[in-house]
Structures are given as structure tokens and as C-alpha cells.
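Visitor: I would like to learn how to read a structure like the one shown here, feature by feature. Could you take me through it, with the general idea and then the case at hand?

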Amino acid sequence: MSNPQRFTGKTVAITGAAHGIGAATTRRFLAEGARVAVIDRETDGFSANLADAPADKLMTMAGNCTDADVLAEFHSRTVAAFGPVDVLFNNVGQSGRERAAPFHESHEEVWRFVLEVSLFTTMRMSRLVVPTMRERGGRIINMSSDAALVGDAGLTDYAAAKLGVVGFTRALARELAPHGVTVNAVAPGAIRTRAHDRLTPAVLERIKATTPAGFIAEPEDVAGCVAFLASEDACYVTGQTLLIDGGRWMI
């Protein structure tokens, strides 16, 4: 259940926020009083998924998150519109999708893309907000995946990138803890996003069968966990990776 007062006066920045988990998390923060800045390449999702957002509390920007200059502009526009970033959710990332392949058939250009979009965007965006957060505190939540721990076949590059996010999260958490900044990661498993539209019923049933909870979660289930890690309730939680996968992998 959301708390309308929890993030009042806070500035939240979210990458990859037009659809799925990013859009659900945007709605959650807005419902809890935050000012939210979002960026995504696919601007159609803003009108489709964030149409009811209050105009004075939402800033949208179209842009490719793998471009460092675009991220810098997004950060500058966010600060100009809402003030320094209090919460950063590094959500953007993806696998090779249709270009994914068993490792012996994979290509370096795909590895580089997956590392760029999943790991380097997280590092670049964090680098932009950290100097100010060191002065005033803050929250950083990074998007990993249970694929990083399970080691799904055919996703070697994605698993490497997402486990890289976990290592980055832990090291940055140690650096920033003395400054009142927490850094954590979320690692979702099967979540009902557009990526699932490309899966066959047989594959979806297999996913359910290998998930102890027995169902595929909704983006809002991840959004609630992100909101917790961004809140004062999680002030003593840092350097952690929260698995949101119905028990598929347990640590």
C-alpha cells in the first residue's frame, strides 16, 4: 500500500521509464508525493502509461540512455526542474533479445551493447548524482536480475552485465555509506512486461513451474520494493541485492 506522504518534497530520477517496471515505479513515486523525472527512447509509453500524472510533478525526456551526453542533459534538466536528485533508480537495461544466442554463437558487438545498456548506464548516471548526494544524502537503486545469480543459458552477456551491477552496487555502497547515501539493487525474476509478449505459452508455463510462488509477478510488485529501498524505512539497508523472483533463487 502506498503512502501519499513518504516522498513529498523528494526528487526522483528514473531511467527507462516509459513502460513496464520503470513506468510502474514512476507511478508509485508520484502516488507517494515525489517529483519524478524520467527518460526513455520510446516516448509513446509516456502518454500511454503516465497520462494521468500531475504535470507539475513529472518531467519526461526522450533520449538514448547509452549516450553519456544524453544522460548528462537529463540530469541537468532534472535539477533545473525539481532540484537535486534525492533518489536515483537506474532501471534501464536489457538482454540481447532477438540477438541473444548460446555463447559459442554469440557476437562481441551484442556483448558490448548489453554491457552498455545494463552496466555502463548505471555507472554513468550514478556518477552524475553522487557528488551532490555526498553532501546531502540520498538513495540509489540499481536494476539487476536473478539471471545474474541463476546463470540462465543463452544469457551469458546479460548475466555478466547484471552481476556487474551487483558488484558496482556493493562497492559504491561502501564508499557512500559515511555520507548518508544507501546503494542497493533489485533483481527481478519473471515479471509481466512487454518482453513476455514474445514468449510462447509453453515457455511461460515452464517459467511458472520453476518459480516456487507459481505465478508471474506484475511490474507494480517490483515498484513497491524499489519504493521501500528509497524510503527512510530502509535507512540501514545498503549494499544489498533484493531478489524479487518468487523464490526461484534464494540467498
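**Reading the fold**

Guide: Leaving out residues up to four places away in sequence, leucine 58 touches Thr26, Leu30, Val36, Val38, Leu50, Ala53 and Phe82, where contact means heavy atoms within 4.5 Å. Before going further, please note that this is a predicted model, in which local features need pLDDT of at least 70 and side-chain atom pairs count only at pLDDT 80 or more, while totals for chains, interfaces and linings use all residues. Residues are numbered from 1 along each chain as its sequence is written, and side-chain values use heavy atoms, with hydrogens and water left out.

Visitor: Where in the chain is leucine 58 placed, and does it count as buried or exposed?

Guide: Leucine 58 belongs to strand S3 (residues 58–62), helices (H or I, at least four residues) and strands (E, at least two) being DSSP runs numbered from the N terminus. Buried means under 20% relative accessible area, exposed over 50%, and partly exposed in between, with a 1.4 Å probe and protein chains only; leucine 58 has 16% relative accessibility and therefore counts as buried. The C-alpha atoms of leucine 58 and glycine 83 are separated by 13 Å, and these residues are 25 apart along the chain.

Visitor: How many helices and strands does the chain have, and what does the radius of gyration say about it?

Guide: The chain has eight helices and seven strands. The radius of gyration is taken over C-alpha atoms, and the globule rule is 2.2 Å times the number of residues to the power 0.38. Here the radius is 17 Å, close to the 18 Å that the rule gives for 251 residues, so the chain is as compact as a globular protein of that length. Along its principal axes the C-alpha trace spans about 45 × 35 × 35 Å, and buried residues make up 47% of the 251 residues. Among contacts between residues at least 6 apart in sequence, 71% join residues at least 24 apart.

Visitor: Which strands pair with S1 and S4, and in which sense?

Guide: Two strands pair if DSSP finds at least two bridges between them. Strand S1 (residues 11–15) is joined to S2 by five bridges, and the two run parallel; valine 12 has valine 36 in S2 as its bridge partner. S1 also pairs with S4 in the parallel sense, over three bridges, and here alanine 13 stands opposite leucine 88 in S4. S4 in turn pairs with strand S5 (residues 138–143) in the parallel sense over four bridges, with leucine 88 opposite isoleucine 140 in S5 and asparagine 90 partnered by asparagine 142. Finally, six bridges join S5 to strand S6 (residues 181–188), again a parallel pair, in which isoleucine 140 has valine 183 as its bridge partner.

Visitor: Which way do the side chains of S4 and S5 point?

Guide: In a regular strand the side chains alternate between the two faces of the sheet. From strand S4 (residues 87–90), Val87 and Phe89 point one way and Leu88 and Asn90 the other way, and all are buried. From S5, Gly138, Ile140 and Asn142 point one way, whereas Arg139, Ile141 and Met143 point the other way, and all of these are buried too. In S2 (residues 35–40), five of the six residues are buried, so that strand is largely enclosed by the rest of the structure.

Visitor: What should I notice about valine 85, which lies in a loop?

Guide: Valine 85 lies between helix H3 (68–82) and S4, and at 4% relative accessibility it counts as buried. Apart from neighbours within four places in sequence, valine 85 is in contact with Thr11, Ala13, His75, Thr78, Val129, Met133 and Arg136. Valine 85 and glycine 137, which are 52 residues apart in sequence, are 9.7 Å apart in space, C-alpha to C-alpha.

Visitor: How does alanine 68 read, buried or partly exposed?

Guide: Alanine 68 is found in helix H3 and is partly exposed, with a relative accessible area of 38%. From alanine 68 to alanine 80, 12 residues apart in sequence, the distance in space is 18 Å, C-alpha to C-alpha.
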